[in-house]
There are 2 protein chains.
Amino acid sequence: MSEPENKIGTYRFVAEPFHVDFNGRLTMGVLGNHLLNCAGFHATDRGFGIATLNEDNYTWVLSRLAVELDEMPYQYEEFSIQTWVENVYRLFTDRNFAIINKDGKKIGYARSIWAMINLSTRKPADLLTLHGGGIVDYVCKEPCPIEKPSRIKVDADVPPAGTLEARYSDIDINGHVNSIRYIEHILDLFPIEMYQTKRIRRFEMAYVAESYYGDKLAFAMQQAGPDEYHVEVKKNDDEVVCRSKVIFV
Amino acid sequence: MSEPENKIGTYRFVAEPFHVDFNGRLTMGVLGNHLLNCAGFHATDRGFGIATLNEDNYTWVLSRLAVELDEMPYQYEEFSIQTWVENVYRLFTDRNFAIINKDGKKIGYARSIWAMINLSTRKPADLLTLHGGGIVDYVCKEPCPIEKPSRIKVDADVPPAGTLEARYSDIDINGHVNSIRYIEHILDLFPIEMYQTKRIRRFEMAYVAESYYGDKLAFAMQQAGPDEYHVEVKKNDDEVVCRSKVIFV
């Protein structure tokens, strides 16, 4: 139970042609998808996956995601993702990731923060007592040398850089705009010249509320440094849905 | 060389959470992505994949795709895709697919038509002579009991049902809007009520020309029967980029 091999899950991927951008590099949306899948595989294999939780009327909710990379896998390249649980608190757990290239070199890391909620009440559950606190057995001291998710701030008077209405392809099995679609829509705010001359060094998402089919999403973007942009997504001119930070290099 | 096992390629998948729609069923865009990947795997394993062709300055170009299904895999379900070459002509080849569910039952089929072009001249290549005509050795008589891609017609005076500008996430490594993105954009033309009460029985794409970053894409849609819709995508108010037929049931 306590050997690190069992605490860290490793999953292999290949950068598929329709998953890379015009530079031939894996897109951040697809990487995010793989990260969240790995979180699911890892949790399921250890008895605290969504399917098991749903039986007890609970589910995982992603609160924060931060990804920092030296490079993205290139088209057709194999890569792997490792994931482990760093901390378990009463209401949140920290899950970290390493992204490893075809040569076995760590090319990036990611941090995520999750809560568990009761599906009926939508209230947070106590992670330390659920399932006999079994998740705590998997806490692992593997290093993750990137900063924790940080504060993201967009001034109230910033006008939207883009707007859209949530469509069929945006919606997941829970009826919500899916977490990955926000990433794609946010990265589409930048002109292609940005991606021709720079790459994303760090990307952060803070998921605040759900949005639904037909919601009008407005994307306010504010530059916070030479290569740093903060984005706030609001639905229906009112409620904040998520915030994002994009740092180019 | 002539045994059917070597002529038919079989590839396994699982319906990932971010690859299913609000009904929990794999999206047509993701299925299309898997089909095209299988085409690539199958061709590469037999010596006529894109990487080999590129060395000789040639590449495959997808001309038509038609998919017909009894059902789509459900979230977390395993499924597999078989693919084989049905015909090779001088300028085109027909590649077919079967989609097989977790219980081994064939739940759908697909047909695709491909050309090969010279990357410098963009002119079509002779498939019967290229690489010593080796592709012909893989022609296979496996049944594919769905209709061939058919004529798609939208009247010239039909106004656009939707428009958009091609963004960063739409563009592939060749600098073109990628084949899968058109599928997603086309399916987003329909209101969610359509997918709440019906499912897609047959889906067709005819790829006519390439579009690029910044192109304004207009989607004209015309109903051609009780459950049949034809869509024509034009770029910059002028050139036809692709056409699609969607039949619900």
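Residues 164–228 of chain A have end C-alpha atoms that lie 23 Å apart, and this span is 23% helix and 32% strand. Keep in mind as you look that this is a predicted model. An unreviewed UniProt entry gives the stretch a label, listing residues 164–228 of chain A as "domain: Acyl-ACP thioesterase-like C-terminal". The unreviewed entry also lists residues 19–127 of chain A, under the name "domain: Acyl-ACP thioesterase N-terminal hotdog". For residues 19–127 of chain A the end C-alpha atoms are 35 Å apart, with 22% of the span in helix and 40% in strand.

Let's move on to where the two chains meet. On chain A, 32 residues are in contact with 32 residues of chain B. Between chain A and chain B the buried area is about 3,200 Å², and carbon and sulfur atoms give 56% of it. Which residues of chain A lose the most area to chain B? They are Phe18(A), Tyr168(A) and Ile173(A), which together account for 27% of what the chain A side buries.

Polar groups take part in this interface as well. There are 16 residue pairs in polar contact across the interface of chain A and chain B, and 2 salt bridges cross it. One salt bridge to look for is between Arg181(A) and Glu184(B), whose closest N and O atoms are 2.9 Å apart. As for the elements behind the contact surface, helix 2 (28–45), helix 4 (179–187) and helix 5 (192–197) of chain A each supply at least two residues of the side that touches chain B. Helix 4 of chain A provides the largest share of that side, with 5 residues.

For a view from the other chain, find Asn33(B), which sits in helix 2 (residues 28–45) of chain B. Is Asn33(B) buried or exposed? Asn33(B) is buried, with a relative accessible area of 5%. Leaving out residues up to four places away in sequence, Asn33(B) touches Glu16(A), Phe18(A) and His19(A), along with Ile180(B).

Apart from neighbours within four places in sequence, Pro143(B) is in contact with Trp84(B) and Tyr109(B). Pro143(B) and Glu86(B) are 57 residues apart in sequence, yet their C-alpha atoms are 9.0 Å apart in space.

Now to charge pairing in the whole model. Side chains of opposite charge can pair when their charged atoms come close. Over all chains the count comes to 34 salt bridges. In chain A, Arg202(A) forms one with Glu204(A), the closest N and O atoms being 3.0 Å apart, and both Arg202(A) and Glu204(A) are buried. Chain B has a salt bridge between Arg202(B) and Glu204(B), at 3.0 Å from N to O, and these two residues are buried too. Back in chain A, salt bridges that share partners join Arg64(A), Glu68(A), Asp70(A), Arg201(A), Arg202(A) and Glu204(A) into one network.

Another pair to find is Lys102(B) and Glu77(B), a salt bridge with closest N and O atoms 3.6 Å apart. Lys102(B) lies in the loop between strand 4 (93–100) and strand 5 of chain B, and Glu77(B) in the loop between strand 2 (58–69) and strand 3 (78–88), so the pair ties together parts that are 25 residues apart in sequence. Lys102(B) is partly exposed, with a relative accessible area of 49%, whereas Glu77(B) counts as buried at 18%.

Finally, consider the cysteines. A disulfide is a covalent bond between the sulfur atoms of two cysteines.

Note on methods: Residues numbered from 1 in each chain as written. Chains lettered and ligands numbered in written order. Predicted model: local features only at pLDDT ≥ 70, side-chain atom pairs only at ≥ 80, totals over all residues. Heavy atoms only, no water. UniProt positions renumbered as here; feature names shortened; annotations may be inferred. Helix = DSSP H or I, 4+ residues; strand = E, 2+ residues; numbered from the N terminus. Contact = heavy atoms within 4.5 Å. Buried area = accessible area lost by both parts, 1.4 Å probe. Salt bridge = Lys/Arg side-chain N within 4 Å of Asp/Glu carboxyl O. Polar contact = N/O pair within 3.5 Å; in protein donor to acceptor, adjacent residues only side chain to side chain. Buried < 20%, exposed > 50% of the residue type's maximum accessible area, 1.4 Å probe, protein only.
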